[in-house]
Amino acid sequence: MYDFDKTIELWDPLSHKWGSFPEDVIPMFVAVMDFEATPAVCDALNTRLKNRVFGYERAGDQFLDTASGWFKRVYGLDVPRDWLLPLTGIVPALAALANLTPHAAVLTNTPNYVGLLRAPEYAGKKVIRSPLITERAPDGLLRYRLDYDDLKRRAAGTGVFYLTNPLNPVGKVFERSELEELSRFANEERLIVLSDEIHCELIYGKRHIPYFDVDPDNSIALYAAGKICNIAGLPHAFAVVPNPELRERVRRIALTMGHPGTLEYVAAEAAFSAKSDEWKRELNDYLAANRDYLESELRRRFPDADFPHTDATYLQWIDFGRYIDGGAKQFLREHAKVELTDGVSFGGAEEHVRLNFGCPRFRLAEALDRIENAINSGGGLRRTGAAP
Ligand SMILES: Cc1ncc(COP(=O)(O)O)c(C=O)c1O
């Protein structure tokens, strides 16, 4: 029903993605897709704008029922309305909630979402980073898991573990058994788990497990429709906190963040309602095909590049260390005119980049052509197969 190949006008001087670089650059950095927002969201906003009255209102009440219905429909979970706390965005929550405990630091893993690595620092807290264990699966692609020996060594002096699931930038979906292991570790170390699940509906052939279902007593899970419905410019989010004592602590901190505006509630309500389900299904089919195309093209064009199999998100983590000397992002900016996100900001290395494949396939193909041409034309490059 929906056409994700459609060319739409995206260049706009006020767009962070499209207005930050000259028009001949293909921007594939920030996590925003090159598609129109979900139609149900646009329709709901258009209808609300006709009202022309924007006083204080209880738009949030209707939203809470819809969010609760979404958990039942998508995950089969009963989530009472009073477990839900509206927020003005996930990054502000990741900053403010670093103050949940008096500890000077929070614990997390790398690579991880750059906003999550930085946000606690806005609240004056340190972020203790534990590198994931990287393994090669039988398909030749990379997989990652938490390193509990390392986490145990680093846990002292931290009070909260920050989880991103699905994990941006490596596209990992945590299995229930992995979340259970994390819960055991967190309870032993007396850490609260704060689980950022913003990418949970962008998932290909896997099942997302909300963390609060694994450990209701000791968890805060964060959700927003910003990624799946492509509405990052309408900031909103919400937390699920089943434990009443912990919920009260989160509620008090959330009060310092203000509350989402009327239009954000209208958008979020439409985004989590059943009216958006079909669009999301078709989007995921399109993105899964982009992921498959990208994976096979990377194998064909750059057989010595290393990358994970991406089970979720529209973000591909790539190690170009066998092809590019020095910083891969800078090289590809200059020689390919493709703007990617650098690996270092996620706690990776300078040969890593993150490529956003949330775009029409023709643009993905053009970006790959440009990257291949830049690499083949040399310029301080290693040859295919050369030692890194
Ligand atoms: C894992 C993750 N969390 C949060 C965000 C941003 O959330 P918000 O726009 O609600 O602050 C992003 C955006 O890329 C993300 O990838």
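Author: The centres of domain 1 and domain 2, taken over C-alpha atoms, are separated by 24 Å. In this chain, domain 1 covers 26–38 + 277–376, while domain 2 covers 42–274; such bounds come from an automatic or database domain assignment. Before we go on, please keep in mind that this is a predicted model: local features need pLDDT of at least 70, side-chain atom pairs count only at pLDDT 80 or more, and totals for chains, interfaces and linings use all residues. Residues are numbered from 1 along each chain as its sequence is written.

Now to the place where the domains touch. Here 28 residues of domain 1 are in contact with 34 residues of domain 2, where contact means that the C-beta atoms of two residues, placed from the backbone, lie within 7 Å. On the domain 1 side, α10 (277–301) and β11 (315–319) each supply at least two residues. The largest share of that side comes from α10, with six residues. These names follow DSSP runs numbered from the N terminus: helices are H or I with at least four residues, and strands are E with at least two. By class, the domain 1 side that touches domain 2 divides into 14 nonpolar, eight polar and six charged residues. Here Ala, Val, Leu, Ile, Met, Phe, Trp, Tyr, Cys and Pro count as nonpolar, Asp, Glu, Lys and Arg as charged, and the others, Gly among them, as polar.

Let's stay with α10 and look at a helix it packs against. Two packed helices are described by the angle between their axes and the distance between the axes. For α10 and helix α12 (residues 361–376), the angle is about 15° and the axes are 11 Å apart. Axes are lines fitted to C-alpha atoms, for helices over the stretch in contact, and angles run from 0 to 180 degrees between N-to-C directions. That angle makes α10 roughly parallel to α12; angles under 35 degrees count as roughly parallel, over 145 as roughly antiparallel, 65 to 115 as roughly perpendicular and the rest as oblique. The crossing of α10 past α12 is right-handed, while a left-handed one has the near helix turned anticlockwise from the far one by less than a right angle, and a right-handed one has it turned clockwise. From α10, the contact uses Asn-290, Tyr-293, Leu-294, Glu-297 and Arg-301, and from α12 it uses Arg-361, Leu-364, Leu-368 and Glu-372. Four of these residues are nonpolar, one is polar and four are charged.

The axes of helix α2 (residues 59–75) and helix α9 (residues 262–272) come within 9 Å and cross at roughly 20°, so α2 and α9 are roughly parallel to each other. Here α2 passes α9 in a left-handed crossing. Ala-59, Gly-60, Gln-62, Phe-63, Thr-66, Ala-67 and Trp-70 in α2 meet Thr-262, Tyr-265, Val-266, Ala-268, Glu-269 and Phe-272 in α9. This contact has eight nonpolar, four polar and one charged residues.

Finally, a few backbone details. Most residues other than glycine have a negative phi, and most peptide bonds are trans. Arg-52, in the loop between α1 (39–49) and α2, has a positive phi of about 65° although it is not a glycine. A cis peptide bond joins Thr-110 and Pro-111, with omega about 0°.
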